[in-house]
Amino acid sequence: MTERNNAARRSGLKLSANGVQNLVMFGILIAIWIAGFIMYPKTFVTWDSIRTILVASTSVIITASAVTLVLISGNLDLSVAGVGAMSGVLFGLFTIAGIPVWMAAILAILCGAASGFLNGFIISRFNQPSFIISLVFKYFTGGIALIASNGLSIAAGMPGNVKDIAQTVFIGEMGIPLPVVYAIVIALIFLFIQNKTVFASQAYAIGSNIKTARFSGISTVKVITAAFTFSGILAAFSGVIIVSRFSVADCSMLPGLETDCIIAAVLGGTDINGGRGTVLGMIIGALILFTLTQIMNLLGVKIYDQQIIKGIVLILGILVNDTIRNKIRV
Amino acid sequence: MENHVLEIKNITKQFAGVRALDDVSFSIEKGSCHCLVGENGAGKTTLIKILTGAIKRTSGTVLYKGKEWDPAGTREAMQSGIGCLFQELNVVEQLRVEEYICLGLEETRFGIIRKKSNNKAFDMLARIDKSINPKQMIEELSTAKRQVVEIAKALAMDSDVIIMDEPTSPLSGEEVRHLFEIIKDLKNHGITIIYITHRLEEVMELADYVTVLRDGKHIATKLRSEVKDRQELIRMMIGKNIFEDYIPNKVNKDKKLIEVKGMTNRKLKNITFDLYEGEILGFYGLIGAGKTEIARAIYGLDTFDGELFIDGRKITSGSPQKSLRNGIAIVPEERRTQGICTSLSIVVNMPMMNYKTVTKYGILSNKSQRRLAQKYIDAIGVVCRNENQTVAYLSGGNQQKVIVGKCLNVSPKVLLLDEPTRGIDVGAKQEIYNIIRKLVKDGCSAIIFSSELTEICCLCDRIGLLFEGELKKIIDNDETLDTQDIMHVVTGGSES
């Protein structure tokens with residue numbers, strides 16, 4: 001028996017299903033880059049162009065790093081745009097109130113963490129559908145943003161060093177915006193969390209089959225609450241960065257962040273029903289999305305038409321993922 | 001050959017890395033009952049899926065009534081006359097019987113169903129089982145009746161081949177008899193039955209022909225009259241002789257690992273028993289007798305009144321986490337929905353009950369995860385591509401072995417096994433028995449909950465007999481064991 005197994009194990013593909021998926025999506029990203037390079041050999045592969053793509057995708061990459069884990073655990077987090085707006089507005093108000101900028105940022109992020117914690121706790125402790133509970137939290141946090149800002153854009157009285165958080169640092173000639181650095185660091189941290197922690201491994205188990213997870217002695221409340229708390233923290237951080245970048249706090253910033261995060265994750269192979277997906281895949285998905293936007297901008301495609309093209313790309317991406325998942329059967 | 005309704009020629013099906021069918025050829029005679037037997041993973045289900053168009057073959061040909069057969073999907077197959085009763089019945093529950101039977105074959109005029117045209121379907125239903133009222137809701141019907149409805153539906157579509165995949169596994173003895181009568185009646189009407197089962201007694205009773213598959217290869221197609229007995233079939237199926245008898249374990253009667261006193265809850269009445277070190281204790285009873293409930297209560301999934309001592313310590317509020325910490329692991333009743341995460345790989349499934357073996361300073365180590373998976377793949381004999389294979393694509397027996405591996409990773413002192421071999425073929429069953437025996441030899445104790453008496457008798461040192469939530473009797477597994485007596489007790493007979 002053992003001999004037969006060893007023989008079987010030597011042959012055959014070594015990759016797991018997630019590995020195959022990431023490889024394919026990475027191939028597609030490269031193909032898009034090559035296409036962009038062929039169309040615009042002079043302008044597409046310049047630091048300016050790459051920086052535009054990276055900066056545009058920071059909010060999504062930062063927030064979706066945690067949202068991907070939420071999705072892996074079989075839940076949806078629709079509250080991130082609301083949490084981001086709430087924390088952004090609070091951050092603005094804190095700085096105006098004279099709290100030092102870094103302190104204000106930490107407080108604002110703690111508010112996001114609290115919201116995420118409550119969100120996840122209610123979902124997991126009382127076995128409620130995350131779709132509804134996180135939607136409630138979207139309104140809840142959005143409401144706080146509205147009340148705090150009185151529905152207005154807040155700019156007056158914000159100290160000048162608010163901009164410090166999102167400034168551009170220079171390495172020689174090359175200017176690197178700090179949000180890009182944050183995005184890279186956070187993505188690396190979450191790549192580590194997803195690959196190397198028991199927490200993430202348990203999130204996969206819960207997302208794949210919550211009954212099995214319970215039978216295996218996994219605390220679903222702890223894991224799901226932690227995933228949502230991460231999501232709250234990072235959504236809040238995205239809000240803080242946006243306020244810092246533009247020196248304006250507005251209760252309608254980060255529009256559609258929740259859907260963008262889910263789209264990037266799903267494009268990167270995350271299963272909306274849980275149990276499958278990777279942070280790396282999400283990053284590839286986000287880059288595909290924003291690279292396409294960049295190419296379309298260069299082509300002069302109108303912003304309205306871009307929506308339709310993005311929709312088509314998304315559907316194609318989902319179909320490719322589905323084929324990998326169900327037809328190739330790794 | 002004119003009386004061959006299906007001719008299967010050199011069929012091969014290749015999945016990623018696995019050859020599920022390898023050059024299979026045989027023919028099926030019209031109006032016969034053709035039984036297909038083989039271990040799990042032998043390729044029976046794959047073959048059926050190819051015949052019904054659910055999947056495409058890699059190479060080879062099928063002739064149906066002498067013509068090349070390559071259906072685009074199950075729908076086309078059904079319309080052309082090949083109907084199928086799948087293992088899990090795909091019955092839509094919120095419909096009436098009449099609506100369900102007509103589903104997909106309504107004759108319509110301008111999109112409106114013509115009532116009269118469906119009479120044929122009802123005639124069919126009435127012919128095979130008069131007790132089913134077409135106005136009844138499907139959800140009110142028992143599994144057996146649902147099968148009858150499925151058969152009626154297949155007949156209404158003028159099927160001349162009906163495939164039955166493990167039809168009797170959810171049925172009671174009486175219902176099985178009824179199904180067999182229906183099958184005989186169908187045969188008399190010239191309808192061909194392809195019958196797949198693990199229960200060899202059924203093969204011996206029903207079959208006109210038997211085809212044995214093993215590891216995707218065609219081993220033999222024989223007339224029933226040419227098959228001497230079950231043993232011969234088993235030998236063909238697994239290529240080795242498998243029957244082993246009960247071997248007593250070294251029980252240390254001085255040490256009680258588990259003590260249960262007066263365990264009572266919604267389903268259980270005053271259950272009291274002890275589990276000794278090195279013992280296999282069996283619980284036998286019919287479905288609903290309370291086997292699973294005892295397992296769940298001990299494992300901390302259900303609450304109960306009464307006392308539970310593990311290793312001499314009283315357990316007040318249990319939970320799976322605590323049980324695992326105390327060295328109690330469980331192989332749950334439902335393999336796919338409780339035991340494994342099907343969409344994940346073997347590597348990810350293996351450490352799920354105890355991550356301590358694969359972490360270093362709280363961080364997962366890919367290397368030790370891989371080593372752990374490989375260790376149990378080898379130790380237990382899981383047949384797979386490699387440790388990265390998704391568990392969904394393993395056969396049932398191999399999935400069960402992955403679950404046992406999961407439990408072993410806890411280094412359990414007590415292993416609870418709830419229906420450990422349900423839906424698993426004979427060969428894999430024997431392998432699982434051997435794993436359990438070896439485990440107990442190495443110092444673990446086990447409680448087996450099963451509705452198969454042979455299984456209980458060949459493994460357990462003592463047997464607890466359950467009836468309607470009550471523990472009627474605990475008997476020793478020795479020469480005095482009387483199966484008649486056991487059946488008497490578990491069916492509610494009074495004590496003699």
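What share of the contacts in chain B with a separation of 6 or more is accounted for by residues 24 or more positions apart? In this predicted model, the share is 69%.

The secondary structure of chain B comprises 17 helices and 24 strands. The radius of gyration of chain B is 25 Å, close to the 23 Å that the globule rule gives for 496 residues, and chain B is therefore as compact as a globular protein of that length. Taken along the principal axes, the box filled by the C-alpha atoms of chain B is roughly 75 × 55 × 50 Å. The domain assignment divides chain B into domain 1, residues 4-238, and domain 2, residues 252-490. A distance of 34 Å separates the C-alpha centres of domain 1 of chain B and domain 2 of chain B.

Chain A contains 13 helices and 2 strands. For its 330 residues, a compact globule would have a radius of gyration near 20 Å, and the value of 21 Å found for chain A agrees with this expectation. The C-alpha trace of chain A spans about 75 × 55 × 40 Å along its principal axes. Of the 330 residues in chain A, 51% are buried. Among the contacts in chain A with a separation of 6 or more, 78% are accounted for by residues 24 or more positions apart.

Confidence in the prediction was examined for chain A. The mean pLDDT of chain A is 90, and 95% of its residues reach 70 or more. Over residues 1-10 of chain A, however, the pLDDT is below 50. Beyond near neighbours in sequence, this stretch of chain A has 11 contacts in the model.

One helix of chain A was considered individually. Helix α10 of chain A covers residues 220-246, a run of 27 residues. At 1.5 Å a residue, helix α10 of chain A should span 39 Å, and because its end C-alpha atoms are 39 Å apart, the model agrees with that expectation. The helix is also mostly covered, as 24 of the 27 residues of α10(A) are buried. The residue that follows α10(A) is S247(A), and the phi of S247(A) is positive, near 55°.

Methods:
Residues are numbered from 1 along each chain as its sequence is written. Chains are lettered from A and ligands numbered from 1 in the order in which they are written. This is a predicted model: local features need pLDDT of at least 70, side-chain atom pairs count only at pLDDT 80 or more; totals for chains, interfaces and linings use all residues. Domain bounds come from an automatic or database domain assignment. Helices (H or I, at least four residues) and strands (E, at least two) are DSSP runs, numbered from the N terminus. The radius of gyration is taken over C-alpha atoms; the globule rule is 2.2 Å times the number of residues to the power 0.38. Two residues are in contact if their C-beta atoms, placed from the backbone, lie within 7 Å. A residue is buried if 20 or more other C-beta atoms lie within 10 Å of its own, exposed if 12 or fewer, and partly exposed in between; C-beta atoms are placed from the backbone. pLDDT is the predictor's confidence in each residue, from 0 to 100. The expected span of a helix is 1.5 Å times one less than its number of residues.
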